[in-house]
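Hi there,

Here is the structure I promised to pass on.

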Amino acid sequence: MGWIRKHAPDYDPVVAKLNARTSKLLQMPLSVIEHGSPLQVAHYDAHGYYFPHMDSMNPEDSRVEPGLDDYGSYKVVGGYPHALRFLTLLCFLNDNFKGGNTSFPLAERPQAPSADELNHLAGGAPEVQREWAQRYRTCTEGAVVKPKRGTCVLFYSHTVTPAGLLGPLDGYSLHGGCEVLEGTKWILNYWIEIPQSHIDNPKRKKDEL
């Protein structure tokens with residue numbers, strides 16, 4: 001796994017082109033695209049997979065440090081902001097391998113999972129990991145996306161409140177990487193993060209009273 005900075009003046013000209021194309025695709029200002037976490041590049045060798053997980057966290061679990069600018073107010077973990085990721089653009093960099101689909105196992109449920117169920121399914125308990133390890137060798141549940149070089153999967157990790165603020169996690173976005181059967185899979189993740197002023201966070205509101 002590697003990280004590539006996506007904001008000036010540190011980025012490479014290739015990254016600048018990627019930012020511009022992503023801005024056009026998502027119809028978002030370039031400044032929004034450049035903020036937050038760097039690009040993540042990851043690869044999976046044969047038999048590698050990634051347990052189903054959420055790309056973000058509940059708004060009430062986010063951490064704010066006073067006295068910093070809006071985007072800089074996130075708790076820094078491992079050198080990078082631990083922010084709320086509203087949107088993920090997951091791109092496939094190659095397709096010369098077998099297996100390695102991306103799965104959204106809850107996508108076809110008639111109702112979204114409760115918060116407790118989502119925490120259980122996305123948790124790291126040994127029994128949950130053993131279950132997912134078995135299921136992700138077949139990877140047929142829910143919506144399954146087959147990798148194709150140069151294509152991306154766009155999904156949202158949160159619901160939106162009637163006031164237009166970032167709301168709770170959307171359980172339908174639980175996703176994981178199916179087992180690579182042969183070869184090596186390469187992906188790139190763009191995460192679009194939301195400034196604290198656009199988040200419906202009850203704890204934050206209470207702290208401001």
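**Pockets, cores and a few residues**

The residues that line the second largest pocket divide into nine nonpolar, two polar and one charged. Before going further, please keep in mind that this is a predicted model. The volume of the second largest pocket is about 320 Å³. Its lining is made up of L18, R21, T22, L25, L89, C91, F92, L93, G150, C152, L188 and Y190. Three elements, α1 (13–26), β6 and β15, each bring at least two residues to that lining. Which of them gives the most? That is α1, with four residues.

The largest pocket holds about 410 Å³ of space. It is lined by 21 residues, and Q40, Y44, Y50, H53 and N189 are the closest to its centre. Here the lining draws at least two residues from each of β2 (39–44), β3 (50–53), β6 (85–92), β13 (175–177) and β15 (185–193). By class, ten of the lining residues are nonpolar, eight polar and three charged.

**The chain as a whole**

For orientation, the chain has 209 residues, and 42% of them are buried. Its secondary structure comes to five helices and 15 strands. If you count contacts between residues at least 6 apart in sequence, 84% join residues at least 24 apart.

In soluble globular proteins, nonpolar side chains tend to be buried together. In this model, the largest nonpolar core has 18 residues, and those touching the most other members are L26, M28, I33, L87, L188, Y190 and I192. At least two residues of this core come from each of α1, α2 (30–34), β2, β6 and β15. The largest share, four residues, is from β6. Another core lies apart from it, with ten residues that include A42, F92, F155 and I187.

Setting aside neighbours within four places in sequence, M28 is in contact with S23, I33, L87 and I192. Of these partners, I33, L87 and I192 are also named among the core residues that touch the most other members.

W191 is in strand β15. Is W191 buried or exposed? It counts as buried because its relative accessibility is 5%, and the cut-off for buried is under 20%. Beyond its neighbours within four places in sequence, W191 is in contact with W3, K6, S37, Q40, D55, R85, L87 and T88. Two of these contacts can be described further. The side chains of W191 and D55 are joined by a polar contact of 3.1 Å, and the W191 side chain makes another polar contact, of 3.5 Å, with the side chain of T88. W191 and T88 are 103 residues apart in sequence, yet their C-alpha atoms are 4.8 Å apart in space.

S173 sits in the loop between β12 (166–169) and β13. With a relative accessibility of 4%, S173 also counts as buried. Leaving out residues up to four places away in sequence, S173 touches H53, M54, F104, F155, Y156 and S157.

**Two loop residues with positive phi**

Q27 is not a glycine, but its phi is positive, at about 55°. Q27 lies in the loop between α1 and α2 and counts as exposed, at 73% relative accessibility. H47, also not a glycine, has a positive phi of about 75°. Its place is in the loop between β2 and β3, and at 54% relative accessibility H47 counts as exposed.

Happy to talk any of this over.

Best wishes

Conventions. Residues are numbered from 1 along each chain as its sequence is written. This is a predicted model: local features need pLDDT of at least 70, side-chain atom pairs count only at pLDDT 80 or more; totals for chains, interfaces and linings use all residues. Side-chain values use heavy atoms; hydrogens and water are left out. On a 1 Å grid over the protein atoms alone, a cavity is a set of points where a 1.4 Å probe fits but cannot get out, and a pocket is an open set with protein on both sides within 12 Å along at least five of seven lines; lining residues have an atom within 4 Å of a point. Grid points are joined across faces, edges and corners, and a volume is the space filled by probe spheres set on the points. Ala, Val, Leu, Ile, Met, Phe, Trp, Tyr, Cys and Pro count as nonpolar, Asp, Glu, Lys and Arg as charged, and the others, Gly among them, as polar. A nonpolar core is a set of buried Ala, Val, Leu, Ile, Met, Phe, Trp, Tyr and Cys residues joined through side-chain atoms within 4.5 Å. Buried means under 20% relative accessible area, exposed over 50%, partly exposed in between (1.4 Å probe, protein chains only). Contact means heavy atoms within 4.5 Å. A polar contact is a pair of N or O atoms within 3.5 Å; within protein, one must be able to donate a hydrogen and the other to accept it, and residues adjacent in sequence count only if both atoms are side-chain atoms.
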